[in-house]
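Q: Please walk through the labels used for this model, and set each value against its definition.

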Amino acid sequence: MREGRQRLDKWLWFARFARTRSLAARLSEDGFVRVNGTRAENPAKGIVIGDVVTVAAPHTTLAVRVLSLGERRGPAPEARLLYEDLAGIQPEIGPPE
């Protein structure tokens, strides 16, 4: 993998979206993951900081922006530093002109 990129399945595992790396790979292979709005069917797809990853889980859909690629699968508070949850972010609306 090129510098500044990480495999999608590895990042999903580091960020704790899947319990195992093989389950993270299956999420993408089965079409439950999108990167920047495009279905990611290949778990080896390279992601970079700033990409938007959408994961469709059985009871919810999560959209996050990649903030860091991570070095390991650490505890949950460390994993949350890898992404920014986009669900609570409202688009900025300027004053009427």
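**Labels and their cut-offs**

A: Start with a polar pair: the backbone oxygen of leucine 69 lies 3.2 Å from a polar atom of the glutamine 6 side chain. This is a predicted model, where local features need pLDDT of at least 70, side-chain atom pairs count only at pLDDT 80 or more, and totals for chains, interfaces and linings use all residues. Residues are numbered from 1 along each chain as its sequence is written, and side-chain values use heavy atoms, with hydrogens and water left out.

Q: Why is glutamine 6 called buried?
A: Buried means under 20% relative accessible area, exposed over 50%, partly exposed in between (1.4 Å probe, protein chains only). Glutamine 6 has 8% relative accessibility, so it counts as buried.

Q: Why is leucine 62 called partly exposed?
A: Its relative accessibility is 31%, so leucine 62 falls in the partly exposed class. Leucine 62 lies in strand 6, strands being DSSP runs (E, at least two residues) and helices likewise (H or I, at least four), numbered from the N terminus.

Q: What does leucine 62 touch, not counting residues up to four places away in sequence?
A: Phe17, Val53, Thr54 and Val55. Contact means heavy atoms within 4.5 Å.

Q: What makes a nonpolar core, and which residues have the most contacts inside the largest one?
A: A nonpolar core is a set of buried Ala, Val, Leu, Ile, Met, Phe, Trp, Tyr and Cys residues joined through side-chain atoms within 4.5 Å. The largest has 20 residues; Leu8, Trp11, Leu12, Phe17 and Val53 have the most contacts inside it. Helix 1 gives the most to this core, with four residues.

Technical notes. Polar contact = N/O pair within 3.5 Å; in protein donor to acceptor, adjacent residues only side chain to side chain.
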